[in-house]
Amino acid sequence: MATFVFLYFATVIVTAASLVVVLRNPIYSALSLLVMFFHVAGLYVTLHAEFLAAIQIIVYAGAILVLYLFVVMLLNVKREERYNQQGTVALFLGVVLLTEAVLLAVSRSFAVATPDPGPEGAAKAVGNTESIGEVLYSTYLFPFEIASLILLVAMIGAVILSKKGIMESK
Amino acid sequence: MSVPVEYYMVLSGLVFIIGLVGVLVRKNLIIILLSIELMLNATNINFVAFSSHFGNLAGQVFVFFALTVAAAEVAVGLAIIIALYRHHASINVDDFRLLKW
């Protein structure tokens with residue numbers, strides 16, 4: 001049953017991801033990405049990462065994708081030819097990576113180590129918002145502060161970049 | 001836990017390759033940013049799968065940070081796109097060859 005659910009999510013994710021790249025209209029691409037985000041969130045739920053599933057829907061689908069759609073509507077670009085001249089390079093890289101992945105999957109050399117059982121309580125608490133918060137504010141407190149700095153820099157950068165006259169003053 | 005973690009790795013690899021090909025192939029700047037989002041999501045799937053596999057929360061915390069970086073990247077990237085569009089009236093990557101040798 002779990003495998004069936006996984007296969008459903010995986011098929012939809014891969015199909016929607018391909019549609020993002022293939023579709024001509026940027027709005028349809030963004031909407032296809034929305035479908036993909038929801039199914040990734042579903043995958044997180046099956047992996048007992050409920051907090052991340054909620055964050056995925058709220059931040060990715062709710063904030064980031066709306067920003068994309070807003071810009072697509074704002075720019076109102078005409079349809080243009082889709083693919084550029086790097087098709088051969090892209091094909092080459094894709095084929096190389098794909099064969100690499102297939103080789104790795106076929107050969108058993110990369111077999112993932114089975115986890116040590118560990119303390120039973122820790123394994124049971126995975127996915128709990130409370131335990132994520134505890135880890136985030138104790139072990140990863142410094143990266144957390146760095147993340148806030150990244151957000152501040154991004155905010156300032158976005159404001160500066162979208163000011164009028166920034167590109168004209170050469 | 002009945003789904004083996006290798007399945008998640010295969011799925012993540014497929015999505016990452018699709019995103020990589022999208023970045024290299026498309027001309028539209030917005031689609032290129034969307035493809036970068038695809039690649040970030042592929043790594044996130046891997047993180048969460050391994051976090052669940054090993055019963056360790058560090059993977060989920062790293063997804064949290066990747067999400068922060070993705071949000072920052074989107075904000076700055078879209079601001080750059082708007083500035084470029086204001087200047088060139090185009091978001092076709094082939095039109096921007098100022099730094100091209």
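This report describes the two chains of a predicted model, their contact and a few single residues.

Local features are given for pLDDT of at least 70 and side-chain atom pairs only at pLDDT 80 or more, while totals for chains, interfaces and linings use all residues. Residues are numbered from 1 along each chain as its sequence is written, with chains lettered from A and ligands numbered from 1 in the order in which they are written.

## The two chains

Helices (H or I, at least four residues) and strands (E, at least two) are DSSP runs, numbered from the N terminus. Chain A has seven helices and zero strands, in the order α-α-α-α-α-α-α along the sequence. Chain B has three helices and zero strands, in the order α-α-α from the N terminus.

A residue is buried if 20 or more other C-beta atoms lie within 10 Å of its own, exposed if 12 or fewer, and partly exposed in between, with C-beta atoms placed from the backbone. Two residues are in contact if their C-beta atoms, again placed from the backbone, lie within 7 Å. The table sets out both chains.

| Chain B | 101 residues | 50% of residues | 45% of contacts |

The C-alpha atoms of chain B fill a box of roughly 50 × 25 × 20 Å along the principal axes. Its radius of gyration, taken over C-alpha atoms, is 17 Å, whereas a compact globule of 101 residues would have one near 13 Å. The globule rule is 2.2 Å times the number of residues to the power 0.38.

Chain A is divided into domain 1 (1-78) and domain 2 (125-164), with bounds from an automatic or database domain assignment. The centres of these two domains of chain A, taken over C-alpha atoms, are separated by 22 Å.

## Contact between the chains

The contact takes 68 residues from chain A and 63 residues from chain B. On the side of chain B that touches chain A, helix 1 (5-25), helix 2 (29-54) and helix 3 (58-88) of chain B each supply at least two residues. Helix 3 of chain B gives the most to this side, with 23 residues. By residue class, this side of chain B divides into 43 nonpolar, 14 polar and six charged residues. Here Ala, Val, Leu, Ile, Met, Phe, Trp, Tyr, Cys and Pro count as nonpolar, Asp, Glu, Lys and Arg as charged, and the others, Gly among them, as polar.

## The nonpolar core

A nonpolar core is a set of buried Ala, Val, Leu, Ile, Met, Phe, Trp, Tyr and Cys residues joined through C-beta atoms within 7 Å. The largest one has 65 residues, of which Ile13(A), Tyr44(A), Ile30(B) and Val48(B) touch the most other members. Helix 1 (2-22), helix 2 (26-46) and helix 3 (50-75) of chain A, and helix 1, helix 2 and helix 3 of chain B, each supply at least two residues of this core. Apart from its neighbours within four places in sequence, Ile13(A) is in contact with Met36(A), His39(A) and Val40(A), and with Leu11(B) and Val15(B).

## Two helices and their surroundings

The expected span of a helix is 1.5 Å times one less than its number of residues. Helix 4 of chain A (residues 87-106) has 20 residues and should therefore span 28 Å, which agrees with the 28 Å between its end C-alpha atoms. The count of buried residues in helix 4 of chain A is zero.

Helix 3 of chain B, with 31 residues, reaches 44 Å from its first C-alpha to its last, close to the expected 45 Å. Ala83(B) lies in this helix of chain B and counts as partly exposed because it has 17 C-beta neighbours inside 10 Å. The C-alpha atoms of Ala83(B) and Phe96(B) are separated by 12 Å, the two residues being 13 residues apart along the chain.

## Positive phi outside glycine

Ala89(B) is not a glycine, yet has a positive phi of about 55 degrees. Ala89(B) follows helix 3 of chain B and is exposed, with 10 other C-beta atoms within 10 Å. His48(A), also not a glycine, has a positive phi of about 60 degrees. His48(A) is placed in the loop between helix 2 and helix 3 of chain A, and counts as buried because it has 21 C-beta neighbours inside 10 Å.
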